[in-house]
Amino acid sequence: MVTTIDDLVARAREGVHRPRAQEARLAQLAGALLVDIRPAAQRAAEGEIPGSLIIERNVLEWRLDPTGSHRIPEASGYDVELIVVCSEGYASSLAAASLRELGLHRATDLDGGFVGWATAGLPTRPGG
């Protein structure tokens, strides 16, 4: 049996609440970590969300595994609320599913991604 990328994304989203921009902003203000996984070139072209953590996709699990030797200080435990951000909300669904497999049970992703955030008129800054 062959699995398509659409199948993988659908499975990653199954039973998961994915906040839209306004809800994610409120969560961020309440202490949730927004984790931007877009590559530098994409952030430079599209912009960034102020206050988000920049962790490119290729090192995401290493930086957020609370027991990992390469974790960041914010990876303080398995109960951290994480909202993963990509450009449009597809790669972030797969990334959040991977984080949940590590035991980060509150990991989800931004429905609509950075594009949805910007379209909603929420704060952005030029990417660097």
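Tutor: Arg 57 lies in the loop between β2 (53–54) and α4. This is a predicted model.

Student: Why is Arg 57 called partly exposed?

Tutor: The relative accessible area of Arg 57 is 31%. Buried means under 20% and exposed means over 50%, with partly exposed in between. Arg 57 is therefore partly exposed.

Student: Which residues is Arg 57 in contact with, leaving aside its neighbours within four places in sequence?

Tutor: They are Ile 37, Ala 95 and Ser 98. Contact requires heavy atoms within 4.5 Å. As for Leu 33, it is 24 residues from Arg 57 in sequence and 15 Å away in space, C-alpha to C-alpha.

Student: Which residues of α5 are buried?

Tutor: The buried residues of α5 are Ser 92, Ser 93, Ala 95, Ala 96, Ala 97, Ser 98 and Leu 99. These buried residues pack against α1, α4, β3 and β4 (107–109). Just after α5, Gly 103 has a positive phi of about 105 degrees.

Student: What makes α1 oblique to α5?

Tutor: Helix α1 (residues 5–13) and helix α5 (residues 91–101) pack at an angle of about 50 degrees, and their axes are 9 Å apart. That angle makes α1 oblique to α5, because angles under 35 degrees count as roughly parallel and those of 65 to 115 as roughly perpendicular. The crossing of the helices α1 and α5 is left-handed.

Student: Which residues of α1 and α5 meet?

Tutor: From α1 come Ile 5, Leu 8, Val 9, Ala 12 and Arg 13, which meet Ser 93, Leu 94, Ala 97 and Arg 100 of α5. By class, this contact has six nonpolar, one polar and two charged residues.

Student: How many residues does the largest nonpolar core have, and which have the most contacts inside it?

Tutor: The largest nonpolar core has 18 residues, and Val 35, Ile 37, Ile 55, Leu 60, Leu 64, Leu 82 and Leu 99 have the most contacts inside it. Two or more residues of this core come from each of β1 (33–36), α4 (60–64), β3 (82–85) and α5. The most come from α5, which gives three.

Student: What does Leu 60 touch, not counting residues up to four places away in sequence?

Tutor: Leu 60 touches Val 35, Ile 37, Ile 55, Ala 95 and Leu 99. There is also a second, separate core of twelve residues, including Ala 24, Ala 27, Leu 110 and Leu 122.

Conventions:
Residues numbered from 1 in each chain as written. Predicted model: local features only at pLDDT ≥ 70, side-chain atom pairs only at ≥ 80, totals over all residues. Heavy atoms only, no water. Axes fitted to C-alpha atoms, helices over the stretch in contact; angles between N-to-C directions. Helix = DSSP H or I, 4+ residues; strand = E, 2+ residues; numbered from the N terminus. Parallel < 35°, antiparallel > 145°, perpendicular 65-115°, else oblique. Left-handed = near helix turned anticlockwise from the far one by under 90°. Nonpolar A, V, L, I, M, F, W, Y, C, P; charged D, E, K, R; others polar. Core = buried A, V, L, I, M, F, W, Y, C linked by side-chain atoms within 4.5 Å. Buried < 20%, exposed > 50% of the residue type's maximum accessible area, 1.4 Å probe, protein only.
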